[in-house]
Amino acid sequence: MVSTRLRRVLTRVDDMPIDDRKKAILAAIIKDYVETAEPVGSRAIVKKYLLNISAATVRNEMADLEEMGFLEQLHTSSGRIPSEQGFRYFVDFMMEKESLTEQELDTIRGVLAGQMPEWLKITEKIGNFLSNVTNYASFIVLPAFSLNEFKHMEILPMEPGKAVVFLISDMGIIMHRQIEVAESVTPEELNEIAGQFNRAFKNKRIGDINRKNLQELRDHLKRRRKIIERALEAVEVMLDENLDEKVLISGTLNMLNEPEFKDLDRLKRILTLFGEEGFLHSVIPPDSPSSDSEANIMIGSEIVKQDMKDLSLVYSEFQNNSLVGRVGLIGPVRMEYGKAAGAVESMKIIIEEIMRRL
């Protein structure tokens, strides 16, 4: 989708079309600037990218691109850097996405393969992987949800003296809580106790399961009172848990690696911003455009929040039934957008695979 900002730019340059040579020079400058964070000169472009044209010709084309608003010159004696409008044109019309390699995808699937099916822990690992593979800060917005119907409970032994109570709702939401049990308790006994819960509460609306129901079950299962007490306490805690939207941010210290943020005061402001509750809500509008497959990209001042004008966002929505969340990356305007978009889209697919499986 072409941004409104870019449409205004393109309207101004209708009489100066972006031909293939200008596109090649703009792409070369963006590539070099992303790699070095330094202004790019005409000689470097000719030498490094072998465009088969003279440095003088490149300078003329760079001057045209600057007039069109796609390049900026910080000092008269320096080379050019891409403007936000230049990055936007590149993203909308020239960018090639770099999907994660099969090896990288195998790595994250391997990390998740042995995990207990607990949503928060899984998404934490995905966020850490995304920030590590891109060297940007990552975020995952987990949607708020309500537990409607009790579907199933499992009590699984973990190690001597410990078990885990799993509570599964009609929406596929899995919550869990560790409990203590006698070391002599067998898996078969735990399974039998879980069966009692399932017979008592199956297809019962969560809101209808009250303390009276739990007390009746206590009375019914006095023979194994200690285990039942622990399991019932776990269920009570899970029923009372806060199920509001959660935001997980990983890899914020990756900002230290970016030349733009060597100024510690500037970096401190950004890290403080990341710690603000709900800051992403002030950045990403709830009705922001999204497609089934493509990542959304917000560049610099396209982000309304003033404190984030030096940053860009690349994000995508993941969805399962009525649950909608977001996964994305935060980095400098000088960002590898093709790599970031490809990584975010891959993580969206993996998250949705896990949601369906759960």
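Helices here are DSSP runs of at least four residues and strands are runs of at least two, both numbered from the N terminus. The model is predicted.

**Figure 1. Overview of the protein chain.** The protein chain has 358 residues, and 48% of them count as buried. Its secondary structure comes to twelve helices and ten strands. Take the contacts between residues at least 6 apart in sequence: 63% of them join residues at least 24 apart.

**Figure 2. The loop between helices H2 and H3, with alanine 37.** Helix H2 spans 20–36 and helix H3 spans 42–49. Alanine 37 lies in the loop between these two helices. The phi of alanine 37 is positive, near 60°. Alanine 37 is a residue other than glycine. Most residues other than glycine have a negative phi.

**Figure 3. The contact of H2 with H3.** The axes of H2 and H3 are 11 Å apart, and the helices pack at an angle of about 95°. H2 is therefore roughly perpendicular to H3; the class takes in angles from 65 to 115 degrees. H2 supplies Ala28, Ile29, Lys31, Asp32 and Glu35 to the contact. H3 supplies Ile45, Lys48 and Tyr49. By class, the residues of this contact divide into four nonpolar and four charged, with no polar residue.

**Figure 4. The contact of H2 with H4.** The axes of H2 and H4 come within 10 Å and cross at roughly 85°. From H2, the contact uses Arg21, Lys22, Ile25, Leu26 and Ile29. From H4, it uses Thr57, Val58, Glu61, Met62, Asp64 and Leu65. Six residues of the contact of H2 with H4 are nonpolar, one is polar and four are charged. Ile29 of H2 takes part here, and Ile29 also belongs to the contact of H2 with H3.

**Figure 5. The contact of H6 with H12.** Helix H6 covers residues 102–113 and helix H12 covers residues 337–357. Their axes come within 12 Å and cross at roughly 30°. H6 and H12 are therefore roughly parallel to each other, a class for angles under 35 degrees. The crossing of H6 past H12 is right-handed. On the H6 side, Leu105, Ile108, Arg109 and Leu112 make the contact. They meet Ser346, Met347, Ile350, Glu353 and Ile354 of H12. Among the residues of the contact of H6 with H12, six are nonpolar, one is polar and two are charged.

**Figure 6. Ring pairs link Phe70, Tyr89 and Phe93 into a cluster.** The count of aromatic pairs comes to three. One of them joins phenylalanine 70 and tyrosine 89: the ring centres are 5.2 Å apart and the planes stand at 35°, so the pair is tilted. Phenylalanine 70 sits in the loop between helix H4 (55–67) and strand E1 (71–73), while tyrosine 89 is in helix H5 (residues 84–94). The pair therefore ties together parts that are 19 residues apart in sequence. Both phenylalanine 70 and tyrosine 89 are buried. Tyrosine 89 also pairs with phenylalanine 93: the centres are 4.9 Å apart and the planes are at 40°, so this pair is tilted too. Tyrosine 89 and phenylalanine 93 are four residues apart in helix H5, so about one helical turn separates them. Tyrosine 89 has a relative accessible area of 7%, which means it is buried. Phenylalanine 93 has 42% relative accessibility, so it counts as partly exposed. The cut-off for buried is under 20%, and exposed begins over 50%.

**Figure 7. Asparagine 135, in the loop between helix H7 and strand E3.** Helix H7 covers 119–134 and strand E3 covers 137–142. The phi of asparagine 135 is near 65°, a positive value. Asparagine 135 is another residue that is not glycine. At 42% relative accessibility, it counts as partly exposed.

**Figure 8. Histidine 176 in strand E6.** Strand E6 spans residues 174–180. With 21% relative accessibility, histidine 176 counts as partly exposed. Methionine 153 is 23 residues from histidine 176 in sequence. In space, the C-alpha to C-alpha distance between histidine 176 and methionine 153 is 9.6 Å.

Definitions and conventions:
Residues are numbered from 1 along each chain as its sequence is written. This is a predicted model: local features need pLDDT of at least 70, side-chain atom pairs count only at pLDDT 80 or more; totals for chains, interfaces and linings use all residues. Side-chain values use heavy atoms; hydrogens and water are left out. Axes are lines fitted to C-alpha atoms, for helices over the stretch in contact, and angles run from 0 to 180 degrees between N-to-C directions. Angles under 35 degrees count as roughly parallel, over 145 as roughly antiparallel, 65 to 115 as roughly perpendicular and the rest as oblique. A crossing is left-handed if the near helix is turned anticlockwise from the far one by less than a right angle, and right-handed if clockwise. Contact means heavy atoms within 4.5 Å. Ala, Val, Leu, Ile, Met, Phe, Trp, Tyr, Cys and Pro count as nonpolar, Asp, Glu, Lys and Arg as charged, and the others, Gly among them, as polar. Rings of Phe, Tyr and Trp (its six-membered ring) pair if their centres lie within 6.5 Å; planes under 30 degrees apart count as stacked, over 60 as edge-to-face and the rest as tilted. Buried means under 20% relative accessible area, exposed over 50%, partly exposed in between (1.4 Å probe, protein chains only).
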